[in-house]
Amino acid sequence: MKKNQFLGLAFLALGSCMFVSCMDDKYDLDNLDMTIGSKVDLWLPQSSTAPVQLASFMDLDEQDFVDTVFNQDVKDTIFYAKTSGFFELEMNQIVDGEVKYSEYAPPIHVADVPEILEEEDVRLDLDNPVILANITSDAPSGGKLEADFKIRSYKNDEKLDSCLVQGLTVAKPKSCSYVARKEEFIPSKLLDPQFGEPAFLELADDQNFSDLILNVPDRLETHVTRLKASGFGTPVQTPTKVRVDLQVYAPLCIGPRFKIQYKSTEDGWAEDYGEDIEKAVADNLASITVEAKIDNDAPLDAEIEVVPIDVNGRDITDLPKLTTTVSAKSKDNPFQYTLKTREGSGRNLLDFISGKNNTPVIDGIRIVCTLKANQNYVGEYLRTRTSVRMKDVRLGIKGDISYDAN
């Protein structure tokens, strides 16, 4: 199964049913050891899919933005987003009070984002993103430096949002702080032991990191707005450097605005099934129906639309599209999709398979799946074992059929 088929949900079963050459042998019309008479209502035996996990479409081996970690708080493996960068400050002298400095802060580029996060209307609204700061300083001991810095996010050179961090403390040669709206579990694999246990620095009430990454930026930029010294006493005349290595750690913990949308096409049907079905159908193929039940253990609602498309990728308006919603954390959601022609169109389904009567040939389906936060599950982590499963899948075929497979 392709990794992008998780969000196709039930429509992949429809695809496999219509991909005659890809069926299980017992479903292949070429191998049915029987003669089917006219005006049949044939239902093939029930089957079920294996659970398709969320991890199967996150491209974990092909990108650097999303990773997984075992979270001790929830005792499970979760997804998190990450990116990193740094800024450096250089001071010619340090005097208690405001300190003059020069700054070097290259952009923090966000690269290799999973395809599902590249859509324009994505809302990566996360409950508590964290900035982890490893600080290296050659300032004399006994004094303290406090830095305020602003982080800005950009996408296609357009500013998205900004967040001000106040009071980042430099008091040791090496130290670590993490900045967040509330205390958060930090994976040990992100911590460098030489910087010690990270200290928690809380953001001001009107500041948050969530909006920085809400629209999945392509870069972040930092700018130090103030540097203050205290406890040094006599001026320090030796040039001093401070380097702050930043790492964004954003566990995929659902916020109230969370929304991601996945668009996909499953095509190539015309080449795969056309000849087989034409051999099996004598005159009129009235409908093909898929019935199933769907189990969804994700903390997200799934709004799904499927539209039949022709060999040029265009919508076929004379065939019905399907819209359905699969609720978060639910079982036995009924699913039914019947592929048939609209009444009064003057065409039957076989026309859309053979291309007769100037009819566009059906070649597949276009799928749009929108995953949205369910307000009952805001604050819940996306876990790698999250999955969707179709069960009790049945394929039904109606029409005037005459096929001798003996």
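The following legends describe close-up views of a predicted model. Residues are numbered from 1 along each chain as its sequence is written, and side-chain values use heavy atoms, with hydrogens and water left out. In this predicted model, local features need pLDDT of at least 70 and side-chain atom pairs count only at pLDDT 80 or more, whereas totals for chains, interfaces and linings use all residues.

**Figure 1. Overview of the chain.** The secondary structure comprises four helices and 23 strands; helices (H or I, at least four residues) and strands (E, at least two) are DSSP runs numbered from the N terminus. Of the 406 residues, 50% count as buried, where buried means under 20% relative accessible area, exposed over 50%, and partly exposed in between (1.4 Å probe, protein chains only). The chain exposes about 19000 Å², of which carbon and sulfur atoms supply 44%; accessible areas come from the Shrake-Rupley method with a 1.4 Å probe, and for residues only the protein chains shown count as cover. Among contacts (heavy atoms within 4.5 Å) between residues at least 6 apart in sequence, 81% join residues at least 24 apart.

**Figure 2. The aromatic pair of Y178 and F200.** The structure holds four aromatic pairs. The ring centres of Y178 and F200 are 5.4 Å apart and the planes stand at 40°, so this pair is tilted. Rings of Phe, Tyr and Trp (its six-membered ring) pair if their centres lie within 6.5 Å; planes under 30 degrees apart count as stacked, over 60 as edge-to-face and the rest as tilted. Because Y178 belongs to strand β12 (residues 174–180) and F200 to strand β13 (residues 199–202), the pair ties together parts that are 22 residues apart in sequence. Y178 is buried at 6% relative accessibility, whereas F200, at 30%, is partly exposed.

**Figure 3. Arginine charges over the rings of Y154 and F86.** R219 lies over the face of Y154, at 4.3 Å from the ring centre. The charged end of R243 is placed over the ring of F86, 3.9 Å from its centre. A charge sits over a ring if NZ of Lys or CZ of Arg is within 6 Å of the ring centre and within 35 degrees of the ring normal.

**Figure 4. The largest nonpolar core and a second, separate core.** A nonpolar core is a set of buried Ala, Val, Leu, Ile, Met, Phe, Trp, Tyr and Cys residues joined through side-chain atoms within 4.5 Å. The largest has 84 residues, of which L117, L145, F209 and F258 touch the most other members. Strand β21 (residues 362–373) gives the most to this core, with six residues. Apart from residues up to four places away in sequence, L117 touches F65, V66, V122, L124, V216 and I260. The second core has 15 residues, including C176, I186, L190 and F195.

**Figure 5. Surroundings of L214.** L214 occupies the loop between α2 (210–213) and β14 (219–230) and is buried, with a relative accessible area of 10%. Residues up to four places away in sequence aside, L214 touches V122, R123, L124, D125 and R257. The C-alpha atoms of L214 and S153 are 9.7 Å apart, with the two residues separated by 61 residues in sequence.

**Figure 6. Polar contacts of N71.** N71 lies in strand β4 (residues 66–71) and is buried, with a relative accessible area of 0%. The N71 side chain reaches the backbone nitrogen of D73 at 2.7 Å, and a polar atom of that side chain lies 3.3 Å from the backbone nitrogen of V74. A polar contact is a pair of N or O atoms within 3.5 Å; within protein, one must be able to donate a hydrogen and the other to accept it, and residues adjacent in sequence count only if both atoms are side-chain atoms. Neighbours within four places in sequence aside, N71 is in contact with D76, I78, F185 and Y381.

**Figure 7. Positive phi at K75 and D157.** Phi of K75, a residue other than glycine, is near 55°. K75 lies in the loop between β4 and β5 (76–91) and is exposed, with a relative accessible area of 57%. D157, also not a glycine, has a positive phi of about 65°. D157 is found in the loop between β10 (144–155) and β11 (158–170) and counts as exposed at 65% relative accessibility.
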